[in-house]
Amino acid sequence: MKVSDLIMGPLIAALGVTVLVASSMQPKPVFGSAYGGGFFPSILGVVLVVTGLILTATGWRQRAATPLLVMGNWVESPRHVANTAIVLGALLFYILTSGTLGFMISAGIAVLAMLLQFTRKPLLSVLVAIATVIAAKLAFQDVLLVPLPWGILEPFAGVLTWRL
Amino acid sequence: MEAIGPAFFALMEPSVLLVVLLASIFGLFVGAIPGLTATMAVALLVPVTFFMEPLAAIAAIVSASAMAIFAGDIPSVLLRIPGTPASAAYTEAAYKMTQRGKAELVLGICVVTSALGGLVGAIFLMFFAPAVARFALNISSYEYFWFTCLGLTCAAFISPGRPLKGIISLVLGLLIATIGLFPVTGQPRFTFGVPALLGGIGLVPTLIGIFAIAEIIRYAQSREALPTMMKTKIGNIFKGVGPELWRYRKGVAQGIVVGTATGPLPGAGADIAAWISYALARRFTKNKTEFDEGSLEGIAAAGAANNASVSSSYIPATVLGIPGDSMTAIVIGVLFMKGLTPGPTIFTTQPVLIYGIFLSFILANLLMLPLGYGAIKLSRYILDVPRSVLMPVIMVFCIVGAFAMDNSLTSVTIMLVFGIVGWFMEENDFPVAPALLGLVLGRLLEETFLTSMIKARGNFLEFFTRPIAGTIGVLTVLVWVTPLILYLWRQWSKRRVAMA
């Protein structure tokens, strides 16, 4: 996905303006120096506005040669569009459900969906998904003691904790 | 220097050695697989190092990155695809040798020159860094401010693509660093009322997002299949390496010098060192036709250069705390997470740690010979691991890695967001390294800037009054205004041509 400078430039300049406004709303310190939390970001805001405008100018000069938006050739292939959707979907699914379903189930479903989409081999996908989830759980939960969410598997937490 | 003894013993602890060994194998594996970069290896390793002692953590990163840079040569030779960008300079030449049935010899040269380059770079680092640190002890916040500015500016200007996009990328990184509590007053800044953002945007989830998730998205969209591997039997890769090395000794020496010299420069990483060294080798070769048909001369030089630059790139990172590329930026980030501030004082406060890090370079480069040999022997199997299986597996480890930083889903969300951001930036030719440097250094830059402003009572000219600060300050400002001057010059000469 390649966006023309003619669109990127104004976006970046607008971000700069937003930063400037947000910086001006930062409280000024009462004592001591006159530099509050907004001082440094406001400099960054100015740089963003300037660079955004320059980018717009170059985009304007090349407007005849460069289209406003070019999508990669993957959008023409339904399979690759699905690939992308599954990657993002799997991550979103994990973020939304891991609290209730727990790490093992959520991550298991997410990785299984990706494996099925990428390899199209059900048996291999199931085996790799199970092995991956168990390896990640062992390494992070049992060895490094990271409290991965249990979710609905909470009642079995005792049985499922494999410490050396 | 008297800390070398204790540092050596600290590094020889069985647990540290085990970590180095495992990290090396991991680095070799990730580096050897096309599409997985050395930076990605390190980004995935960082969450695990979070749970280690500082020395073990940095030694793990050092060995993984050194191994990954070397392992990138393996698919260059066998598949004509560089495993990491650092091998791209000589992929063509290496593959041409393979087509002539010389895969064994090329791989042998790659592993030996990599180890040699890394070793010499490490020794240089060990003797040179303390000297620079002694000089750097005298610097004040003014100098520090200018050093950081110069480093960041160069990184933005030298990065691939247009400097303008490098600057935008850098400023975005600096801007993200301002999210969280404002250190002076302790008030929340740009947190959008989200309590989880009070601590700022975590470095590790950002890293994993930019370097791993973005890579997975790119893989999901890539429509090109990997080429089939050359079916060559790989026997003893060290056979015949000695005489060839002797024959190309000048090239190897050139590579080591170029790599060691480019490593500390901000913005110039292992890939640029390899390109420069390869170009130099071509310029000074006696037989250009032979060189272009694929000869060991350029491979030996550039193979040594990229690993030498990995070692010497730690000089500005450890001495000044200013990283020049993504890899050292990660190391700085890890040191911060361990509560250590890199800078000249680290040589007096943490001598054992710092010399331990230097020694770990030597250890990693010595380990490269046996482990690299093993990786080459197993390369057929490593390269056979389908990426369609690997990518989903990597994603699970990305999720737990990001989560492990603060045990919250916010980190996983940040990782996803930055995965998309990293993918989008790369698609639009915005280099990601400057953003990462900005994110790592943003806090310190703001702090030194505000401290200096307060000291100077708001008079920015004070920033130029100390001799070193003044020199670097003028230099930095010159770098800033060069594009403008060039632009005006071009307009002026165009007008002159039009008038004449």
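The crossing of α3(B) and α10(B) is left-handed, a crossing being called left-handed if the near helix is turned anticlockwise from the far one by less than a right angle, and right-handed if clockwise. The structure is a predicted model, in which local features need pLDDT of at least 70 and side-chain atom pairs count only at pLDDT 80 or more, whereas totals for chains, interfaces and linings use all residues. Residues are numbered from 1 along each chain as its sequence is written, and chains are lettered from A, with ligands numbered from 1, in the order in which they are written. Helices (H or I, at least four residues) and strands (E, at least two) are DSSP runs numbered from the N terminus.

Helix α3 of chain B spans residues 38-49, and its axis comes within 9 Å of that of α10(B), the two crossing at roughly 140°; axes are lines fitted to C-alpha atoms, for helices over the stretch in contact, and angles run from 0 to 180 degrees between N-to-C directions. α3(B) and α10(B) are therefore oblique to each other, since angles under 35 degrees count as roughly parallel, over 145 as roughly antiparallel, 65 to 115 as roughly perpendicular and the rest as oblique. On the α3(B) side the residues that meet α10(B) include B:M40, B:A43 and B:L44, and among their counterparts in α10(B) are B:L207, B:F211 and B:E215, where two residues are in contact if their C-beta atoms, placed from the backbone, lie within 7 Å. By class, this contact of α3(B) with α10(B) has 10 nonpolar, one polar and one charged residues; Ala, Val, Leu, Ile, Met, Phe, Trp, Tyr, Cys and Pro count as nonpolar, Asp, Glu, Lys and Arg as charged, and the others, Gly among them, as polar.

Two further helix pairs of chain B can be described in the same terms. The axes of α4 (residues 54-71) and α19 (residues 351-377) of chain B come within 8 Å and cross at roughly 40°, and α4(B) and α19(B) are therefore oblique to each other, in a crossing that is right-handed. Among the residues that make this contact are B:I58, B:V62 and B:F70 of α4(B), together with B:G356, B:F361 and B:L371 of α19(B), and the contact of α4(B) with α19(B) comprises 17 nonpolar, five polar and no charged residues. For α21(B) and α22(B), the axes lie 7 Å apart at an angle of about 130°, so that α21(B) and α22(B) are also oblique to each other, and α21(B) passes α22(B) in a right-handed crossing. In α21(B), residues including B:C398, B:F403 and B:D406 meet B:S411, B:V412 and B:M415 in α22(B), and the residues of this contact divide into seven nonpolar, one polar and one charged.

At the interface between the chains, 44 residues of chain B are in contact with 50 residues of chain A. On chain B, α9 (163-177), α10 (203-221), α21 (387-406), α22 (409-427) and α23 (433-455) each supply at least two residues of the side that touches chain A, the largest share, 12 residues, coming from α21(B). The residues of that side of chain B divide into 32 nonpolar, eight polar and four charged.

Chain B is divided into domain 1 (4-465) and domain 2 (469-500), with bounds that come from an automatic or database domain assignment. The C-alpha centres of these two domains of chain B lie 33 Å apart, and 12 residues of domain 1 are in contact with 10 residues of domain 2. Helix α8 (residues 141-158) of chain B gives the most to the domain 1 side of this contact, with eight residues. Chain A is divided into domain 1 (2-70) and domain 2 (74-160), and 39 Å separate the centres of these two domains of chain A, taken over C-alpha atoms.

Individual residues complete the description. A:M104, found in helix α4 (residues 103-119) of chain A, is buried, with 23 other C-beta atoms within 10 Å; a residue is buried if 20 or more other C-beta atoms lie within 10 Å of its own, exposed if 12 or fewer, and partly exposed in between, with C-beta atoms placed from the backbone. Not counting residues up to four places away in sequence, A:M104 touches A:V133, A:K137 and A:L153. Most residues other than glycine have a negative phi. The phi of A:L145, however, is positive, near 60°, and A:L145, in the loop between α5 (122-143) and α6 (157-160) of chain A, is exposed, with 10 other C-beta atoms within 10 Å.
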